[in-house]
Structure formats: C-alpha cells, structure tokens
Amino acid sequence: MARVLIYSADRLLTELVRVALQGLGAEIRSAESYERFEQLAARMVFDLVLVVGVAPFWNGRELFRRVRPRPLHKPEIYVLAWHQADETVLGLLESGVDQYMTFPLNLARLRGKVITALER
Amino acid sequence: MNEWCFWGYMMLLAGSGVWLTVKLVAGWMQQRRRPRQQLLLQRSAGELVQGLLEESPRPLSVEHTVHAQQLLAELVASVHASLYGCAPAPLTRKLEQRGVDRWLVRQVKRSRGLKRAWALKLWGDLPPMPRVEPACEEWLFDPSPEVRLSALLVRISAYPQDALRLVASCDKPMTLCEVSEVLHLLRRRLLPIAYQPLLESRNRNLQRLGLLIVHEFSIEEADEGLLRLIASTEDAELSMAALYTLCALHRPLRGKAIRQCIERLTAAERGVLMRHMAREGYAPAQVKRLWSERQRVRYEALVETYKTTLVWS
Amino acid sequence: MVLIWLLLWLMAVAVLYGWRKREEARQRRRWLDRMHGARNGTFGLGLSLLVADGVDEERLVRLLGVEYDHLEVVAVVDGGCEALLIERLMARYHLIRVSWHPSEEFAVRGVRGLYRSRKRRFRRLVVLDCRAEQPAARLDAAADVASYDYLMPLVGGREPLKGAVERLVTELALRPLDSVDQICLLPTFTTLVWRRTALVRVGGFACRPLSVVAAPHRILLWESPLRRGGRRKVRMRWSVVGAVTVLLVARSLLVGQWYPLIVGLATLGWLALVWLRLRQLDGELQPL
C-alpha cells in the first residue's frame, strides 16, 4: 500500500488535500509540526510527501535528508503554496522538489498528479 | 467639589469597568471555545470539499455551534480562496440555507469602522450571493478608507464586468494594496484582462492596474507600454513604478526614456534604484550608460557584494 | 486635592484611550489578515530584518520560515567570539564569503566579512561578521548591506509574531509608495520599521527618531507585531502604577481617610481589569 505524508501547519489545507486524495488506496498521514514530521519520517517510508508552504525549504531544516534517508528510495516531494514568483519556484525545483502547484488548487488535477506519482 | 469629583470618577470607573468585564468574559469564553471550533472547522472543511467533489451537499459539523454563521462564512471563504474548478453554486446555496448572507448584511449595517470593513471584506471573499443584492453604494462613500475599499471589493466580486469602470471612477489614486486586491478578485473570477489598453489608458488607476498585471504575469512583451509610461512626466510615481516593473522583468534597460527618467531622480532615489537593479542581477556593463562615472563605480562595488573573489595562488 | 483628582482623571482617560486604541488595533489586524496581496507576493515591497544580537540557529530558522517573498534576514555575528557559529551557518546555508564594500551611507567599522548563500532558496540570509560593540553600530552595519528599502531592527531577542510581517507590509502598501519613512509603536514610541533613505538622512540607528521624522510620514501602531522582548520594562511600568496606588491606599488606612481608600481600591481593581484585558488581547497573537 502506498504511503502519502502531508506536512502543513494549516489544518484546513491539510484536510482539503486529505479529502482530495481519499479513495486512492493509499495510507495518508499528516504532520502539523516539524517534530511530528521528523517522527513520522523516521518511522515510516513514504512514497509521496506533500508539503503545504515553502517555509520548510527556506529555513534550513533538512527536510530532504529526513524524508530521503536511504539512497535507494526517493519519495517524490510536491509543494503546494501561494507564491507565484519565478525565483521562488526555481529555488524549489533546484533544491529537488518534484512538483510545485500554486493555490488556488484544482483538486481533480492534484488527484491526477498524485495517482501518476504513486503509479510510478 | 470633592464629592462631585469623587462620584464622577467612580462613575467613570464603574461604567468602563462593566464594559471591560463584559469584554473579558466574552474573550475568555471565546478562548475556551476556540480549540473545539478549530476542530469543527477542520472537520467541516473535509465535509464541505467532499460534498463538492461528490456533488451532493452534506451537513457540516460547524453548523451546530456558537457563532455558526461567522464560522461558516470564514470556512467557505477559505475553501473558495484555496480551490478553483468547483462550481460556486453549492457554496452559495449552503450560505443561503444557513442565513449567512442576511447575517453579513446585518453585521455590516450594525457595525462601524474596521468591524464593518472586516465584515465587508469577508463578504467580498465569499462566492456571489444573489439573494442579497450587494447594495453597498452607501459604503462606497463611507468616511473610513478601509470600508470604502472593502465595499468596492464586494461590488467587484458581485459584478466583475464592472471592475474597470469602478477602478477608473475612483477619484483618488489607488494604492498598491487596493489595486492588488482588485487584481486578486479578477483572477478569482477568471476574467481575461488585456494589459495593453490599461497601460495606454489616460486614467492613472487603470494604468496602475495594468502595471500590476504586467508584473504579476511577467509579461515581457509589455516593454513598449512600460517605456511609454517611463517617458511620461505627468506622474513621477507611475513612471518609477513602470521602471521598477521593467527591472523586475529583467528587461534591457536601454533608451533615452530610461536615462531621462533616472536624471530626474534625487540622489537618494538613484541609490534605491541601484540597489534594486543589483538585487535583480543587472551586470554593470548592462546599465553603465545610465550612470555617471562616480555612480558606475558605486554600482560596481554594490554588485561586487553579491560575488566572491577567486584568488589564484 | 484638586491636583490629585486631576491626575486621577487624566490617568483614567489615558488608560481608557489606550485600551480603546488597542481594541481598534485588534479589529484592524483581523481586517488586514483578510488581505491577499502579501500572501501572493504581489506587492514587491521588500523588508530586511536586521538581527544585531542573539543570533543563533534556531532563531534564524524561525525568521527564515516567514513565508513572505521579499524578505531578507541580515544577521550580525562577531566572528572573533562566535567563529564556530559562522562555520555552522556556512555549512547549513551553503554560505560563501563575498566582497564587502561600505556604501558610505552609514558610518560602519569593524566588518571582517560578508557571507551570502550560493543556493537560491537561502538567498534571503545574509551574515555579517562585525566587531562593533554598540547595538546601534551593529544595526548600522546590517543596514549598510541590507538589500531592501524597509528595515526592521530586531534587538533584545525580539521576533515578529506570526503574520506580522505580512501585516506590516500591507500597512505600507495601503499608503502611497515612498510616503512612509517610519512605523512606530505606541505608547512606547519604539521604531519598528525604518525606510532606508530616511534612516540615512537621520544618521543611522543612534539618532532620536521622533525628533526628525515628520508626522505625515509615520505610521503609528497600537499593537506590537513583535514578541515582547522588553517584558521587564512593561512589568515595571505597571508595577510603578500599582505601587503608587498601594501606597496611597496604605496611607489612607493609616490616617483613617475613607474616600482616598475607596478611590485607591477602586482604581487598583479597575487597572487590574484593564491589564487582564490587554493580556487577553496579547494572547491572541501567536509566535513564529
């Protein structure tokens, strides 16, 4: 069974994304704080990580190292945020983010991308 | 005299003390309710989105709590802002069923100042509610600028096709925040807005809106329009905004118009522009014709602070 | 006696006015939180946070976690005492040493090095190795290398609260461009944000700001956007007011005067209510 982790400090957005991904046959976990995120990432291997907001990539917390500890396993990282500036998007893609989507989101499109990611 | 002062003072303390106590108790009760309300909001967000996806509305947990209408309005506003592609009709129906539209109108009529502005802003963030006609003409002329802005946004939200006419009819120059909110609304309503007619317009507010669209969508083809604004001497602020937009798009900074615009600046303004260009990554060679010899040296020093010197030993 | 009554009335009116303004500030905060421009990065208004003391990694993590697009954090560290900190920051944020040239706008001395990040996502952090002793001198050094037009000095461990940067920027965007030189906090008259050109004009952070910036170019706020670093000062102010009132009450008890006793006790109780309400309002604000 595929595992998806949603990392977001905003409970409302976490719930929106979680509901959008229901019925995919994946186990969905969510983390509201970095400490909880670290705990989950240490205990389980995830196939896809959805991060809401760009702060975890800007502040120097080693998000990638936590979620991609083993060289052979590389979960995809999708970022959902409000930022539209090219610099922001380029910075994220350069740092290894696989997909960046801005709000407002199209849930059907998000669902389609997640299905493709999990099938990969 | 002493007795008058005493009683007057005690009345003041008593009256304000009662009001303070009411506020304190209300605040304390709100604090106690907040964790449960957050939980209900979270659950209701999921229920609302599920209802939208399945196209069958379902009852929400937040509908049966204290301040249900306010919470529902805030929830729907957040969901409406975060998603697109869902038809707004189910959201509107939900709001109308719970009387949120009438509640909002009551809140706006009963309150004043910033409270009214908040209620209007919340109204503007919701999907259009046709049952409550946005008769906010009176608030478009409210003495409070915050209320006027929020009322304008409510009007545009309900009648987006009137947006440009409303923006043009504002008698005062619109600020960056005001234009930005208008643009945000227009994007939400997915209205196609051509930037060229806006930049060529004689109306300052429409020109500001055009500049923001060019900046927001990184429209590199807008050079001509921007240069025309930079060359214009009627509105120095607009010329500068156009110049900064050109820099933000990393377009070539060549031409007489740009040189003349920079010559009109004070030393302090030139310093600010230099810093902006250095941050945007313009190499000294690209902009050397814009500065005097002394300014060129200063610009090179500024750009150097973004680079490291490699020393070969 | 008349003088005492006058003082009491003035004190009550001043406290009520301050409380009223604080409630209005709360309403304004709720309204500003509904604005979208700062969140979408539409404004393009840049803010540099100048951290002149108490630089540590956790604090930088919190400051860099502010999601506003056009934000910069300039941290001043004394490499002589904290060389290890600079090394750790260099490793964590992929910093490289870049050339430093004084801009001549501020009187800056003692700068040993300037560090910026090679990685695009860490470009918001600038570290300055500077040996200045006075906080004002360190702030001047930080302002000298700051890229943005608006500067927010953070001293004494202060940090912006959640959403505070976005609200401040929205306040700036609600006024005509370049019309605001300073944002101040009342009633302490602390300067929260400086416009760079205005700061240069007044000679840097060591100046006395209110005497030099014209009122139309100032924004006055009644609610602090910073997590309180000056707790001791605030407590002292309230303690002084409370202590004076207690002394008056004690004196009235001793000499058997009932009017002053009742007035004193009522004033104490009323001040306590005001204090509780202000604390309740502060409790709505969340730290980063």
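**Chains, contacts and helix pairs**

Tutor: In chain A, among contacts with a separation of 6 or more, 62% are between residues 24 or more positions apart. Keep in mind that this is a predicted model.

Student: Okay, staying with chain A. How many helices and strands are there?

Tutor: Chain A has 6 helices and 5 strands. Their order from the N terminus is β-α-β-α-β-α-α-β-α-β-α.

Student: And what radius of gyration does chain A have against a compact globule?

Tutor: Chain A comes out at 13 Å. A compact globule of 120 residues would be near 14 Å, so the two agree. Along the principal axes, the C-alpha atoms fill a box of roughly 35 × 30 × 25 Å.

Student: What share of chain A is buried?

Tutor: Buried residues are 40% of the 120 in chain A.

Student: Pick one residue there. Is A:Asp86 buried or exposed?

Tutor: A:Asp86 is exposed, because it has 12 other C-beta atoms within 10 Å, and the cut-off for exposed is 12 or fewer. A:Asp86 sits in helix H5 of chain A, residues 86–94.

Student: Where is A:Asp86 relative to A:Leu105?

Tutor: They are 19 residues apart in sequence. C-alpha to C-alpha, the distance is 18 Å.

Student: Switching to chain B. How many helices and strands there?

Tutor: Chain B has 17 helices and 0 strands. Its radius of gyration is 27 Å, well over the 20 Å that the globule rule gives for 313 residues, so chain B is more spread out than a compact globule.

Student: What does the C-alpha trace of chain B span along its principal axes?

Tutor: About 70 × 70 × 55 Å.

Student: And what percentage of chain B counts as buried?

Tutor: Of its 313 residues, 37% count as buried. In chain B, 61% of the contacts with a separation of 6 or more come from residues 24 or more positions apart.

Student: Let's do helix packing inside chain B. At what angle do helices H2 and H3 pack?

Tutor: H2 of chain B covers residues 68–82 and H3 of chain B covers 89–97. They pack at about 175 degrees, with axes 11 Å apart. That angle is why H2(B) counts as roughly antiparallel to H3(B).

Student: Which residues meet there?

Tutor: From H2(B) there are B:Leu72, B:Val76 and B:His80. H3(B) brings B:Leu91, B:Lys94 and B:Leu95. The contact is made up of 4 nonpolar, 1 polar and 1 charged residues.

Student: Now across chains. How do H1 of chain A and H1 of chain B cross?

Tutor: Their axes come within 8 Å and cross at roughly 30 degrees. The crossing is right-handed.

Student: Which residues are involved in that one?

Tutor: H1(A) supplies A:Arg11, A:Leu12, A:Glu15, A:Leu16, A:Arg18, A:Val19 and A:Ala20. Facing them in H1(B) are B:Gln38, B:Leu41, B:Gln42, B:Ala45, B:Gly46, B:Val49 and B:Gln50. Here the classes are 7 nonpolar, 4 polar and 3 charged.

Student: Last topic, chain C. How many residues of chain C are in contact with chain B?

Tutor: 47 residues of chain C contact 46 of chain B. Elements of chain C giving two or more residues to that side include helix H1 (2–32), strand E4 (111–117) and helix H9 (258–283). The side of chain C touching chain B has 25 nonpolar, 13 polar and 9 charged residues.

Student: And how many of chain C touch chain A?

Tutor: 15 residues of chain C are in contact with 19 of chain A. On the chain C side, helices H2 (37–40), H3 (57–64) and H4 (83–93) each supply at least two residues. That side of chain C splits into 4 nonpolar, 3 polar and 8 charged.

Conventions: Residues are numbered from 1 along each chain as its sequence is written. Chains are lettered from A and ligands numbered from 1 in the order in which they are written. This is a predicted model: local features need pLDDT of at least 70, side-chain atom pairs count only at pLDDT 80 or more; totals for chains, interfaces and linings use all residues. Two residues are in contact if their C-beta atoms, placed from the backbone, lie within 7 Å. Helices (H or I, at least four residues) and strands (E, at least two) are DSSP runs, numbered from the N terminus. Ala, Val, Leu, Ile, Met, Phe, Trp, Tyr, Cys and Pro count as nonpolar, Asp, Glu, Lys and Arg as charged, and the others, Gly among them, as polar. Axes are lines fitted to C-alpha atoms, for helices over the stretch in contact, and angles run from 0 to 180 degrees between N-to-C directions. Angles under 35 degrees count as roughly parallel, over 145 as roughly antiparallel, 65 to 115 as roughly perpendicular and the rest as oblique. A crossing is left-handed if the near helix is turned anticlockwise from the far one by less than a right angle, and right-handed if clockwise. The radius of gyration is taken over C-alpha atoms; the globule rule is 2.2 Å times the number of residues to the power 0.38. A residue is buried if 20 or more other C-beta atoms lie within 10 Å of its own, exposed if 12 or fewer, and partly exposed in between; C-beta atoms are placed from the backbone.
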